[in-house]
Amino acid sequence: MSRIDSLLHAMTLEEKLGQLNLVTAGQAVTGPVVCGDTTKDIAAGRVAGVFNLWDLEALMRAQRCAVQESRLGVPLLFGLDVLHGFRTIFSIPLAEAGAFDPQLWERTACAAALEAASEGIHLTFAPMLDVSRDPRWGRIAEGPGEDPLVGERFAQAKIRGFQGDDFSRIFPLAATAKHFCAGGAATAGRDYAAVDVSERALHEVYLPPFRAAVEAGCAAVMTAFNNVNGVPMSAQGRLLNGYLRSRLKFDGVIMSDYTAIAELVEHGVAADSIEAAAIALKAGVDMDMVSGVYLAHLPEALARGLVEERDIDVAVARVLQLKKRLGLFDDPYRVARLDDSVKETHCILALEAARRSATLLINRGLLPLSANLRRIAVVGPLADSGADMLGPWSAAGGAENCVTILEGLRRALPYCEIAHHSGVAIEGDDESGIAPAFALAEGADAVVLCLGEAARMSGEAACRASLGLPGKQRQLAERVMSAGAPTVALLSCGRPLAVPWLFKRAQAVVAAWFLGHRAGEAIADILTGRFNPSARLAVTWPCDVGQVPIFYSARSTGRPFDAANFYTSRYLDCSNDPQFPFGHGLSFSRTTLSNLRVDCAELKTSQTTRVRVDVCNESDIATEETIFLFARDRVASVARPLMELKDWKKIALQPQQGATIDFVLCAQAFQFPGENMEPTVEPGGVDIFVGFSADAEKLLSARLRIVSA
Ligand code: NOJ
């Protein structure tokens, strides 16, 4: 008998249910506070794992209690939200997605995993894979942005980074793909709200990153809080048992989100906690995070015949299997060793990730700042706030180690006089600081205006109905810019902000997102030209909240916008165009693309072709470019989007260097869910577009035909 079978055999019902019970310890608050003293429960075998605790001593104490005092000595699993770093905090995922570099995504995950594993953590509730096209939703900050292909590659890279290939790392951090699924489409961009999406949108947009995560071997999946088309995700047997288990053959652990099983009652699909527990277990949820309803109510559900002991055994076996894969039965006290030299490399990596995540949105010749500037005014509430640079979900990363924008600039420009005034707070009505900030700007050669959101305005339960600057920041910005000094605005934020007035007026704007511990140095490097910005937007940037949801891969309409024809698809009071398209991002170089060609103009459904394009850095500044390949299937049985991302490549180019970019494209890349949702590739013409962003007017195009094999 295997160890897992013999344990299962030896367990009482309560001990089994204990293995499905995930409790919070309360060192971090990541939901309603519902923790008590868990020691008694651990000793009684009523707890499978503990999260929100990262004090190694406390973890080891809890583990000793489980191993030495509980009857069967089953070790605990320690979890935490390690999203973009553990001690060393990297850029938030939405910003890092903009580096479009799977290797970077993997390296930062790997660093986070090592740090977390060296302090006793086994399981991260990451990567967050919610495709989102709605910047009102605060959680857009935590994920890979709007595109499913980016989501897929992000999923694969993060899971490799956390777990190693096939759990091969000596101390893997088990990854949890979350939130399954479609939370990014929450009605009106409000967290926890219901989601109503078509089957097509599920298969084309929201499920692919999870499919990629499962294929990459992720250890666990977390269900989303929301309901999808009327059924809360913790009760969605069709997507959990059906899609994940049967179709994708996922055999890892499915866990609920925080108190989500108990919430099935409030959702209106369970009469009471007994039913809620039964429905979730039957739907395929193995572990109950924080609700405690499995432990408290599955015995009654069993007695009433709502579940069978077999259902419980299967779930318990999966949890035990995860503990086994993590090596906890061999060494429950496993802690990775981490040398100081490795920690230093993480610190260097944090700077690299931050630099490659900041997006230069506009530049009217101001950046890089001239070396002759004598006096710079650094103004705004985000200039000197370390805590906000970390962004949401900053795990054990202390704000004290964070380099603020002000510090970064002072270090980078030691001979320049750098004056600072916050002007206003991030939120609030006090305008008394505007006049002194204006006075600083008046006397300056250039102004760095540090605007944006507080870190807590992104992440869970942090949605916004407006996409403007909070508080009196617009008043501050307009007044300061009226001083006439050339101004670069930095937007520290977890979402695109709709501030068209700022883009019109400032000489340069950088999306500074939340770049982590080394934010200030990264920004200073970009402003001074020590680093040539290379990030691209992983999300379309709207110019007005009314355009939301906005994304590049929309479908056509029967009446596409035509300025000469009133009865076409448009707004009366706003353009259809975003402020910046998906993929937008400037550098200090001038790079061109030319000579797009497709090797084989006719492609059988089983074949592969090469698409090539010449790229040339025509400037004297070395650059890193991202080149996107989009496609449009013009006529199909199901209308296809105007553009779909099929691939992208990155290339580093020296001054005046040219190169050829080589995409390998197989006909299967044009697969889509047909009318019956089964994947299909239809013969016919396809447009290929290649360019630096999804800006339709700037893309090169070529055609190919798909023919039956
Ligand atoms: C709720 C969040 O939705 C989820 O992302 C997180 O992992 C858990 N709380 C645990 O903190």
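Biologist: What is the order of the strands in the open sheet, and what is their pairing?

Modeller: This is a predicted model. The open sheet has 8 strands in the order β9-β6-β5-β4-β3-β2-β1-β10, and the pairing is parallel.

Biologist: Why is one side of β9 and of β10 left without a neighbour in the sheet?

Modeller: Strands β9 (253-255) and β10 (288-289) stand at the edges, and each has a single partner strand, so one side of each lacks a neighbour in the sheet.

Biologist: How do you know that β2 and β3 pair?

Modeller: Pairing requires at least two bridges between two strands. Strand β2 (residues 49-51) and strand β3 (residues 77-80) have 3 bridges, in the parallel sense. As an example, Val 50 has Phe 78 in β3 as its bridge partner.

Biologist: Why is Asp 286 called buried?

Modeller: Asp 286 is found in the loop between α12 (273-283) and β10. Buried means under 20% relative accessible area. Asp 286 has a relative accessibility of 2%, and therefore it counts as buried. Residues that Asp 286 touches include Leu 20, Arg 245, Ile 254 and Tyr 294.

Biologist: What makes the link between the side chains of Asp 286 and Arg 318 a polar contact?

Modeller: A polar contact is a pair of N or O atoms within 3.5 Å, one able to donate a hydrogen and the other to accept it. The side chains of Asp 286 and Arg 318 are joined at 2.7 Å, and the pair counts as a polar contact.

Biologist: Lys 249 and Thr 259 were also marked for me. What is stated about the phi of each?

Modeller: Lys 249 has a positive phi of about 65 degrees although it is not a glycine. Thr 259, likewise not a glycine, has a positive phi of about 60 degrees.

Biologist: Where do they lie, and which is buried or exposed?

Modeller: Lys 249 is placed in the loop between α10 (237-247) and β9. Exposed means over 50%; Lys 249 has a relative accessible area of 62%, so it is exposed. Thr 259 lies in the loop between β9 and α11 (264-267). At 13%, Thr 259 is under the 20% limit and therefore counts as buried.

Definitions and conventions
Residues are numbered from 1 along each chain as its sequence is written. This is a predicted model: local features need pLDDT of at least 70, side-chain atom pairs count only at pLDDT 80 or more; totals for chains, interfaces and linings use all residues. Side-chain values use heavy atoms; hydrogens and water are left out. Helices (H or I, at least four residues) and strands (E, at least two) are DSSP runs, numbered from the N terminus. Buried means under 20% relative accessible area, exposed over 50%, partly exposed in between (1.4 Å probe, protein chains only). Contact means heavy atoms within 4.5 Å. Lists of a residue's contacts leave out its neighbours within four places in sequence.
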